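Have the structure open as you read.

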Amino acid sequence: IEVGLRETHMMDTLTGTAHTALINPITGRPLIETYAVPCLPYAEAMSEKLRAALCRKDVAIRDFFDVDYARRSAKWDVDDPVLLDLLRRKCTVPGNGPVNTGDQRMKELEAQVEGQLRPVLRADDFAKFDLQRAIATVRVVARALG
């Protein structure tokens, strides 16, 4: 779950279904029934994540993990024109830093892997993460923005 309060969304929301991981030990059924929640379309959610990776003032390893996870598991197309258009528009919102994929910024990520990423991930998810692949993906997107 990710919540953003800084700005309004650019696409209409979708209706998703929230489920709980809490199971009643006696009945074996969920403790909370499913319920409808408004959700960002995938393209907008990914453009938000890419904007954070490209423009966040203080680079954050979590953004690069999310980009790598999405690229690996969802096989999303980083050249998708809808995604790139949304990303271009989001990068112009006041308060964003400039697009920055410079070597110094990327080097700062390496120092965050052990202290900020490993402690919050399952061992299997951490093992599948490839920082260099994530950086390469973000740099491809930056080049596609022009």
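C39 is partly exposed, with a relative accessible area of 28%; here buried means under 20%, exposed over 50% and partly exposed in between, using a 1.4 Å probe and protein chains only. C91, at 18%, counts as buried.

| Residue | Relative accessible area | Class |
|---|---|---|
| C39 | 28% | partly exposed |
| C91 | 18% | buried |
| S47 | 0% | buried |

This is a predicted model, where local features need pLDDT of at least 70 and side-chain atom pairs count only at pLDDT 80 or more, while totals for chains, interfaces and linings use all residues. Residues are numbered from 1 along each chain as its sequence is written, and side-chain values use heavy atoms, leaving out hydrogens and water.

How many disulfides does the structure hold? The count is 0, a disulfide being a pair of cysteine sulfur atoms within 2.5 Å. The sulfur of C91 has its closest cysteine sulfur in C55, and at 3.7 Å that is too far for a bond.

C55 is also one of the buried residues of helix α1, which spans residues 42-55; helices are DSSP runs of H or I with at least four residues, numbered from the N terminus. In α1, 11 of the 14 residues are buried, and their cover includes α2, α3, α4 and α6. Leaving aside residues up to four places away in sequence, S47 touches L83, L86, L87 and K90, where contact means heavy atoms within 4.5 Å.

Finally, confidence: the protein chain has a mean pLDDT (the predictor's confidence in each residue, from 0 to 100) of 92, and 96% of its residues reach 70 or more.

Key
Helices (H or I, at least four residues) and strands (E, at least two) are DSSP runs, numbered from the N terminus. The expected span of a helix is 1.5 Å times one less than its number of residues.
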